[in-house]
Amino acid sequence: MKDTVGYKFIVRCQIFFNKLDNQQGQQMVDEALNQCPVAKLLKANENVTFEVVDKFSF
């Protein structure tokens, strides 16, 4: 995406759990986002989203 200074990345993460329902999956994602050092950095960025899905939609 073009920015006033140059370009910026927009990251949309779709997460699919084969054997968990979306609520359980979201709990796992929330826990990971609060514990993983890299995820902590990413989640603070307004251009990064994490979404638990039933199927991928790219």
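Modeller: Two residues are in contact when they have heavy atoms within 4.5 Å of each other. By that criterion, Asn-47 touches Lys-8, Phe-9, Ile-10 and Val-11, with residues up to four places away in sequence not counted. The model is a predicted one, in which local features need pLDDT of at least 70 and side-chain atom pairs count only at pLDDT 80 or more, while totals for chains, interfaces and linings use all residues. Residues are numbered from 1 along each chain as its sequence is written, and side-chain values use heavy atoms, with hydrogens and water left out.

Asn-47 sits in the loop between α2 and β2 (48-52); helices (H or I, at least four residues) and strands (E, at least two) are DSSP runs, numbered from the N terminus. Asn-47 has a relative accessibility of 15% and therefore counts as buried (buried is under 20% relative accessible area, exposed over 50%, and partly exposed in between, with a 1.4 Å probe and protein chains only).

Gln-14 belongs to strand β1 (residues 11-15). Its relative accessible area is 10%, so Gln-14 is buried. Beyond its neighbours within four places in sequence, Gln-14 is in contact with Glu-51, Val-53, Phe-56, Ser-57 and Phe-58. With Ser-57 there is a polar contact: a polar atom of the Gln-14 side chain lies 2.9 Å from the backbone nitrogen of Ser-57. Such a contact is a pair of N or O atoms within 3.5 Å; within protein, one must be able to donate a hydrogen and the other to accept it, and residues adjacent in sequence count only if both atoms are side-chain atoms. Gln-14 and Thr-49 are 35 residues apart in sequence, and their C-alpha atoms are 8.4 Å apart in space.

Glu-51, one of the contacts of Gln-14, also forms a salt bridge with Arg-12 through their side chains, at 3.7 Å from N to O. Because Glu-51 lies in strand β2 and Arg-12 in strand β1, this pair ties together parts that are 39 residues apart in sequence. A salt bridge here is a side-chain nitrogen of Lys or Arg within 4 Å of a carboxyl oxygen of Asp or Glu, and the structure holds one. Glu-51 is partly exposed, at 34% relative accessibility, and Arg-12 is partly exposed as well, at 45%.

The protein has two helices and two strands, arranged β-α-α-β from the N terminus on. Its radius of gyration is 13 Å, well over the 10 Å that the globule rule gives for 58 residues, so the protein is more spread out than a compact globule (the radius is taken over C-alpha atoms, and the rule is 2.2 Å times the number of residues to the power 0.38). Its C-alpha trace spans about 45 × 25 × 10 Å along the principal axes. Of the 58 residues, 17% are buried.

As for confidence, the average pLDDT (the predictor's confidence in each residue, from 0 to 100) is 89, and 100% of the residues score at least 70. Helix α1 (residues 22-35) has the highest mean, at 94, and helix α2 (residues 37-43) the lowest, at 86.
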